[in-house]
Amino acid sequence: MRIGICCYPSHGGSGVVATELGKHLATQGHEVAFISYAAPLRLTELPPRVSFHEVEIEQYPLLKHFPYTLALASKLAEVVETHDLDIIHAHYAIPFGAAALLAKQIVHPRKLKIVLTLHGTDITLVGNNASFRPVTKMTIENADAVTVVSQFLKDETIRQFGVRKELNVIYNFIDPERHDSEPCPCIPHCQQGSQKTIMHISNFRPVKRIRDVVGIFARICDAVDSRLILVGDGPDAPVARELGQKLGVLDRMTFVGIVDRVAPLLARADLFLLPSSTESFGLVALEAMASGVPVIASDIGGIPEVIDHGRTGYLAPVGDVEGMSQFAVNLLLDADKHCQFSAEAQNQARLRFDYRLIVPQYERLYERTTSS
Ligand code: GMT
């Protein structure tokens, strides 16, 4: 099959899922064309059958804001023609789903199917904003097939948008081999039994509740010698620094910045924190599990579909910094329990979320959609 993929190229779960899916599809023999304004973060090279098509962003004095969605639609239509695409798979409803539908109209009457994957904030935050809501709803209703990354997101899409469309739950996935990789030398290894490594990876947006990450860490430090490794970057990175300074733990915090391979970093972690206010799935939590790192997270959104409370990590209500830090301390001080959680986390990640289980679900959906 010939599949066009459009997604956010920057760091963030939807771009990661889109890119990894595209690479796996190409390994399976499909032709995959990525279309975006920049190469996605995890598309560091172009494997066989993978191409990248840049949407050029130009500045015109007349246009205060460049209409990217229209430029993307034009580029998508062009690549559909030049690469004879069967499908455009848009990741995130806006602007990608909307642009893909526009491209379909441009190339009409050519046969082209639009598959849309809803990732989370395109339903729970951004796409539900009054400025975008009608476009988001229209996009969901007119796509040829729609997937959502958790049962939570399916229920939420129906609740918030009242759509009657079939919504196919297809979970995020990991490549287990990647999580058997060597630890990153940029983070020195702690001595066994001494300092513990707590990790958080995100795009540091308000939804990630960075203040809670630092608050939990400061409480852990009262009971266990620990350090906090913060991976990624975003608007709330300065918030982490300020609070770390205020709570007297800044010297135990390391800011690693944006990285494209998280597994070697996770290989150094003892515990992962994800106290988000909303999370449709929590891909980073799954990546932590795959690396054998138990997760302390909010009991929200799709997270309970990923983390098994009391077996692979612990869940607590959003904002319960005290409860999350107690769970963290208990686990860090109990070596046997930590070992059990770590093994079970690795096990669950491989049993339920291996790409070899998930990617065929997308392939079967493509087959059904193109043959209808
Ligand atoms: O919040 C992020 O890290 C980025 C965001 C996105 O839309 O790019 O991630 C969303 O999609 C991921 C992949 O499907 C999910 O694992 C994340 O849970 C989801 N983020 C939220 O719902 C906040």
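**An aromatic cluster and a helix pair**

Tyr8, Tyr92 and Phe96 form one aromatic cluster. This is a predicted model, where local features need pLDDT of at least 70 and side-chain atom pairs count only at pLDDT 80 or more, while totals for chains, interfaces and linings use all residues. Residues are numbered from 1 along each chain as its sequence is written, and side-chain values use heavy atoms, leaving out hydrogens and water.

Student: What is the angle between the planes of Tyr8 and Tyr92?

Tutor: Rings of Phe, Tyr and Trp (its six-membered ring) pair if their centres lie within 6.5 Å; planes under 30 degrees apart count as stacked, over 60 as edge-to-face and the rest as tilted. Tyr8 and Tyr92 lie 5.2 Å centre to centre. Their pair is edge-to-face, with the planes at 75°.

Student: Is Tyr92 buried or exposed?

Tutor: Buried means under 20% relative accessible area, exposed over 50%, and partly exposed in between (1.4 Å probe, protein chains only). Tyr8 has 28%, so Tyr8 is partly exposed. Tyr92 has a relative accessible area of 8%, so Tyr92 is buried.

Student: Which helix holds Phe96, the partner of Tyr8?

Tutor: Tyr8 and Phe96 also form an edge-to-face pair, 4.7 Å centre to centre with 80° between the planes. Helices (H or I, at least four residues) and strands (E, at least two) are DSSP runs, numbered from the N terminus. The two residues are 88 apart in the chain, with Tyr8 in the loop between S1 and H1 and Phe96 in helix H3.

Student: How many aromatic pairs does a search of the whole structure find?

Tutor: The Tyr8 and Tyr92 pair is edge-to-face, and so is the pair of Tyr8 and Phe96. Across the whole structure, the number of aromatic pairs found is 8.
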